[in-house]
Each structure stands twice: as structure tokens, then as C-alpha cells.
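Please read the following briefing alongside the sequence and the three-dimensional view. It moves from the sheet to the helices that cross it, and then to the core and the ring pairs.

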Amino acid sequence: MGAAKKSAKLEGQFEPPELGEYFMQHFGSIQGGLTRLGALCQVQGSILGKQFSYNGILTFRGPSELSIDLLGPVFTPIFRINLSSEGFVMDPLRVEGVQPEALNEAIYGTLTAMREYFSGSLFGLRPAVYKKNWKTPSIEVPGWNFGVDSAGVRMASLVPVSGPKLALEDFERVKGKIIPKSISVSGRGYSISIKMDQLKADYK
């Protein structure tokens, strides 16, 4: 039985809270437990209509440190962005036509949203209630709505009550679990995508 048909069959067998619990446990088992991630990445986006693109190196050290080193023409680090338990630090990056405050807000929002996902803390939120929507189902937990992919097996989007939204795509299996190679973050006045390659990961 295909994943989508299996998911549809489950809808008739369980109540929404039971099905929500089932999906959250499943998401955690295949997408959670990340303790370290390293990857080459391409950072592209638009802030207040101004486009930008950089190559970089992404590093996550769970549960709270996420950094991106942006690279110059000869692949040497020229800017560093770091979010950790000690705060947010960003080298003076400039995007022509964008005020530093707007740039900082967009980058901070992007890294914060990505760290929430990488840390795995979201997989433990309860109660979880399954919602059958007209297009794809979702799981509602306190403060968030998690979209299920069309196959009915992955968490594919994360929409908070307030804050930037995440879309997860192009999953790759690494050491038995799956990691999205493409993460798009959209917030007020900005959209930023991080596309990763050559992933190296460790898990709990």
C-alpha cells in the first residue's frame, strides 16, 4: 500500500488527537535527533524586493548553535552569521538598497526558524491534533501548524502562530534519517532559501 493510501486509511481508524500523536512520533523518528550538521549551501533571497545570492558553509551544533559562513569568489569566508544560546552575531553584511535593520531582522528570523526545526524541540510539542484539509493534511500543536507532504510521510512545512514560515523540500537520507536539502523561509518583507549539498550529519 502506498504511503498516501496508508495515511488516508489511518484517518478512518483513529480520532484526530490519536492520529496527531502518531504523526508526531513518526516525524520525530525520521526527521528528529539531529546533533550536528555540516553542508555546503547556497543562500538566495529577496528582502524588500532586493535580490541577493551567496555561497556558504552551514554548520549546526545542537541544540542551539547555527552558523553560516558566506564565501567570497575564491571560496574563502568573508562574512559570518552565528546564532547560539549567547545571542545573534552577524558581520556587517550589506545588500544594496536594504537598511541594516531590515537585513538583520530577515537573517535573524531565518536562522531562528531553521534552528527550531534542526533542534528537534518541535517534535515534542503536545497536544497534537490531525487536521484534514482540502489539499494536504496538517498537524496542529501549540503555537504551530505542521504541513504533511503529499505522500503523507514527511513534515513539509512549519507555520507558526507568529513569525516566519518554513517550507522543507528535496529530502536526502543521511545515516538512516532524512534531511531537507532545501529550506525556504518567508517572513514580513522577505523570503530566503537555503539549498544544501554534501550533507554530513550526526544524531542522538
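**Sheet, helices and core**

Strand β11 (residues 177–187) and strand β12 (residues 190–203) pair in the antiparallel sense over 6 bridges, where two strands count as paired if DSSP finds at least two bridges between them, and where helices (H or I, at least four residues) and strands (E, at least two) are DSSP runs numbered from the N terminus. The model is predicted, so that local features need pLDDT of at least 70 and side-chain atom pairs count only at pLDDT 80 or more, whereas totals for chains, interfaces and linings use all residues. Residues are numbered from 1 along each chain as its sequence is written, and side-chain values use heavy atoms, with hydrogens and water left out.

**The sheet**

- Twelve strands, in the order β5-β4-β3-β2-β1-β12-β11-β10-β9-β8-β7-β6, make up an open sheet of 12 strands with antiparallel pairing.
- The edge strands of this sheet are β5 (87–90) and β6, each of which pairs on one side only, and the twist averages 20 degrees from one strand to the next, with axes taken as lines fitted to C-alpha atoms (for helices over the stretch in contact) and angles running from 0 to 180 degrees between N-to-C directions.

- Strand β6 (residues 129–131) is joined to β7 by 3 bridges, and the two run antiparallel; they form a hairpin with 6 residues between them, and Y130 stands opposite I139 in β7.
- On its other pairing, β7 meets strand β8 (residues 144–148) in the antiparallel sense over 4 bridges, with I139 opposite F146 in β8.
- The hairpin of β7 and β8 has 2 residues between the strands, and in it G143 takes a positive phi near 85 degrees.

**Two residues of β7**

- S138 is found in strand β7 (residues 138–141) and is buried, with a relative accessible area of 4% (buried means under 20% relative accessible area, exposed over 50%, and partly exposed in between, with a 1.4 Å probe and protein chains only).
- The side chain of S138 makes a polar contact with the side chain of N145 at 3.4 Å, a polar contact being a pair of N or O atoms within 3.5 Å, of which, within protein, one must be able to donate a hydrogen and the other to accept it, while residues adjacent in sequence count only if both atoms are side-chain atoms.
- Leaving aside neighbours within four places in sequence, S138 is in contact (heavy atoms within 4.5 Å) with residues including V129, Y130, K131, N145 and F146.
- V141 also has its place in strand β7 and counts as buried at 7% relative accessibility; beyond its neighbours within four places in sequence, V141 is in contact with M24, L125, P127, A128 and F146.
- From C-alpha to C-alpha, V141 and L103 are 30 Å apart in space, and they are 38 residues apart in sequence.

**Helices across the sheet**

- Helix α2 lies across β6, β7, β8, β9 (155–160), β10 (165–174) and β11, and runs at about 95 degrees to β6.
- Helix α3 lies across strands including β1 (34–47), β2 (50–61), β3 (65–71) and β4 (77–84), and runs at about 35 degrees to β12.

**Nonpolar core**

- The largest nonpolar core has 58 residues, of which L37, L58, F118, I139 and M196 touch the most other members; such a core is a set of buried Ala, Val, Leu, Ile, Met, Phe, Trp, Tyr and Cys residues joined through side-chain atoms within 4.5 Å.
- Helix α3 (residues 100–119) supplies the largest share of this core, 8 residues.
- Not counting residues up to four places away in sequence, M196 touches, among others, L37, L58, F118 and I179.

**Aromatic pairs**

- The structure holds 8 aromatic pairs, for which rings of Phe, Tyr and Trp (its six-membered ring) pair if their centres lie within 6.5 Å, with planes under 30 degrees apart counted as stacked, over 60 as edge-to-face and the rest as tilted.
- The ring centres of F23 and F27 are 5.8 Å apart and their planes stand at 50 degrees, so this pair is tilted.
- F23 and F27 are separated by about one helical turn, because they are 4 residues apart in helix α2 (residues 16–31); F23 counts as buried at 1% relative accessibility, and F27 counts as buried at 0%.
- Y117 and F118 also form a tilted aromatic pair, at 5.9 Å centre to centre and 50 degrees between the planes, and both residues are buried.
- Ring pairs link Y22, F23, F27 and Y130 into a cluster.
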